[in-house]
Protein chains: 2
Amino acid sequence: MYDGTLGVIGAIEAVRALRESGFSPRRSISVVMFTSEEPTRFGLSCIGSRLLVGALQTKALDDLKDASGVSFHEARNQAGYEGDISTVRLDAQSFSAFVELHIEQADVLETTGVNIGAVTHIAAPAAAEVTFEGSGGHAGSWLMKYRNDAGLAGAQLALAVERIALDRGDDCVATTGKFEVFPGAINSVPKIARLGIDVRDVNLERRDSALQDIEKEMMQIATLRNVTANFMVNNRDDPAACDGRVVNAVIEEAAELNLSFSQMVSRAYHDALFMAKQFPTGMIFVPCRKGVSHRPDEFVDEHDIHNGVAVLAGVLVRLAGEEKTEL
Amino acid sequence: MYDGTLGVIGAIEAVRALRESGFSPRRSISVVMFTSEEPTRFGLSCIGSRLLVGALQTKALDDLKDASGVSFHEARNQAGYEGDISTVRLDAQSFSAFVELHIEQADVLETTGVNIGAVTHIAAPAAAEVTFEGSGGHAGSWLMKYRNDAGLAGAQLALAVERIALDRGDDCVATTGKFEVFPGAINSVPKIARLGIDVRDVNLERRDSALQDIEKEMMQIATLRNVTANFMVNNRDDPAACDGRVVNAVIEEAAELNLSFSQMVSRAYHDALFMAKQFPTGMIFVPCRKGVSHRPDEFVDEHDIHNGVAVLAGVLVRLAGEEKTEL
């Protein structure tokens, strides 16, 4: 596993190397390890970073349960964390900057042969659930012209979701990652279709306009196919822009180390998305093999890890070594 | 439950009434109750009628298991049926005609206010499973233009299936009743889509040409979207035409009883589909409420049951009372 792990181990290694080199920072350096970035256990991503910057109300945690009914609080107590969770909230003055080293989770760096990505924007997802409902019926006895097939309404919407993203250019992506039909039997016309749609953009307005167009399209399809339709937004986070000072530190350090670099957008979700709400933030990307992530074959070359940690250490020198001035 | 039950109880009642009336048939009358018409437990429909006419090899039963691993043979032994199953095969001379009373399972009779359907053809299904496979990927980091989304290939094919059936007119129906995507997570581009497609027609050639067109369309979509595609036909039964003599007996009897009637196609699957392979066959349809079947709210009015049983009794008189001549 490199996703996440590289950021933690790499940061510890960068600090170790700086210490060994005798570097004395003007600002103190903290290594932050976030918990629950992936939404796997409690269905909510980035719980750690959301809490640190106050992007999540403490009481929202009270309702979180995992698949086997264990609550978030039970789980943290079992893990030995029993304190008042509202105290984790950081002051706005806690850090003058935040930098996260991460694998790219796409293959742009690999295919272009570039060593380092200096992230300028972090796209943010909105997640919607769409439900179409028709009359269903027997796949043999209901003539085509009398049907109101919820599955076909879903198929049309999934294709519209693709078109809506394509119309907005490269910075917008939209995905129908969940597509379920009920009853889901080969001899039944689908009565219900449930789609999970994820829309991301670095530009909030464009992202939300895509979401609106998807809802409009859903209504049109529902009218056309005589099915009912429901649109529910389950999650909607704001994209973040990285801080120019941090981005420049990444670029300058990469250049100084004779590494090739590109400014790029992070389209995946990161704790940096939330840290950026409160602190000047940047990210350092390194290539990962074929862009594969969240899979056992996720892999990052040792050489690229070395490059990433070296850039991180240099960025820390630049940011923590600078004169304390007004931010 | 009326689907199936009406045919069994209705036939027993018709024979009881004929006996009471003193009718003496020239040909003997048998009431046949088929087992396992619905494919629910062992995944194969019409096991009883298939075996009676030799449309299923006895050894095909050896591999049948239900969801909990109980074999067909274990289940029949537990139910007290221990004999040699190959002996159930009927001679071609066993019956001079076969008539099945059944609920329509669609709403044509109800909406047109007609009492009796005289079935002229029984459509037969072919079932295909299509699998598309692409590269999947992270819903955030894979740009639209680099994707090969198996779910969208599936969506296109489902819409094509509808168009292919519509192009062939009312007697052809095609349904994508199963539509599954994997991994099926909102933040993952679908890597695999699996569709279950059912195609039915009263005309075998047209049904099979629809199936071929679906396969062709699948190949084109696969090329267009750079995904792999697999087409597998899991089941393909032949449609059946009813016998003119039996259809006429239904029509004449309905007319004599002052009931309105229509000649119609049965688009659902019945044991009569297989009995027709060996015996001159007909079906009598009665209206069912809103065409609903296979659901707890399936309902047939008592008056319509009476009409159906009366027509069946009259048809039995016509067919079993006639002079024995060459068939």
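Let me start in a loop. B:Gln105 is found between strand 1 and helix 4 (108-112) of chain B. Helices here are DSSP runs of H or I with at least four residues, strands are runs of E with at least two, and both are numbered from the N terminus. This is a predicted model, in which local features need pLDDT of at least 70 and side-chain atom pairs count only at pLDDT 80 or more, while totals for chains, interfaces and linings use all residues. Residues are numbered from 1 along each chain as its sequence is written, chains are lettered from A and ligands numbered from 1 in the order in which they are written, and side-chain values use heavy atoms, leaving out hydrogens and water.

Back to B:Gln105. Its phi is positive, near 65 degrees, and the residue is not a glycine. Most residues other than glycine have a negative phi, and most peptide bonds are trans. Is B:Gln105 buried or exposed? Its relative accessibility is 2%, so B:Gln105 counts as buried. The cut-offs: buried is under 20% relative accessible area, exposed is over 50%, and partly exposed is in between, with a 1.4 Å probe and protein chains only.

Now take A:Asn226. This residue, not a glycine either, has a positive phi of about 55 degrees. It sits in the loop between helix 6 (204-225) and strand 6 (228-236) of chain A. A:Asn226 is exposed, at 59% relative accessible area.

Next, the cis peptide bonds. In chain A, one joins A:Phe182 and A:Pro183, with omega about 5 degrees. A:Pro183 lies in the loop between strand 4 (172-182) and strand 5 (192-201) of chain A. In chain B, the bond from B:Phe182 to B:Pro183 is cis, and omega is near 5 degrees. B:Pro183 is in the loop between strand 4 (172-182) and strand 5 (192-201) of chain B.

One more loop residue. B:Ser96 lies between helix 3 (72-78) and strand 1 (98-103) of chain B. It is buried, at 14% relative accessible area. Its side chain makes a polar contact of 3.5 Å with the side chain of B:Arg27. A polar contact means a pair of N or O atoms within 3.5 Å; within protein, one must be able to donate a hydrogen and the other to accept it, and residues adjacent in sequence count only if both atoms are side-chain atoms.

On to chain A as a whole. It has 9 helices and 9 strands. Its C-alpha atoms fill a box of roughly 80 × 45 × 40 Å along the principal axes. Of its 327 residues, 53% are buried. Take contacts, meaning heavy atoms within 4.5 Å. Among those in chain A between residues at least 6 apart in sequence, 78% join residues at least 24 apart.

Two helices of chain A deserve a slide. Helix 9 covers residues 302-320 and reaches 26 Å from its first C-alpha to its last, close to the 27 Å expected. That expected span is 1.5 Å times one less than the number of residues. At the start of helix 9, a side-chain oxygen of A:Asp301 comes within 2.9 Å of the backbone nitrogen of A:His303. Its buried residues include A:Val309, A:Leu312, A:Ala313 and A:Leu316. What covers the buried residues of helix 9? Among the elements are helix 1 (5-20), strand 1 (98-103) and helix 7 (244-256) of chain A.

Helix 1 of chain A has 16 residues, and its end C-alpha atoms are 22 Å apart, in agreement with expectation. Its buried residues, among them A:Leu6, A:Gly10 and A:Ala14, pack against strand 1, strand 9 and helix 9 of chain A. After helix 1 comes A:Gly22, with a positive phi near 85 degrees.

How do helix 1 and helix 9 of chain A cross? Their axes come within 9 Å and cross at roughly 60 degrees. Axes are lines fitted to C-alpha atoms, for helices over the stretch in contact, and angles run from 0 to 180 degrees between N-to-C directions. That makes helix 1 oblique to helix 9 of chain A. Angles under 35 degrees count as roughly parallel, over 145 as roughly antiparallel, 65 to 115 as roughly perpendicular, and the rest as oblique.

Last, chain B. The axes of helix 5 (residues 150-167) and helix 6 (residues 204-225) of chain B come within 10 Å and cross at roughly 150 degrees. That makes helix 5 roughly antiparallel to helix 6 of chain B.
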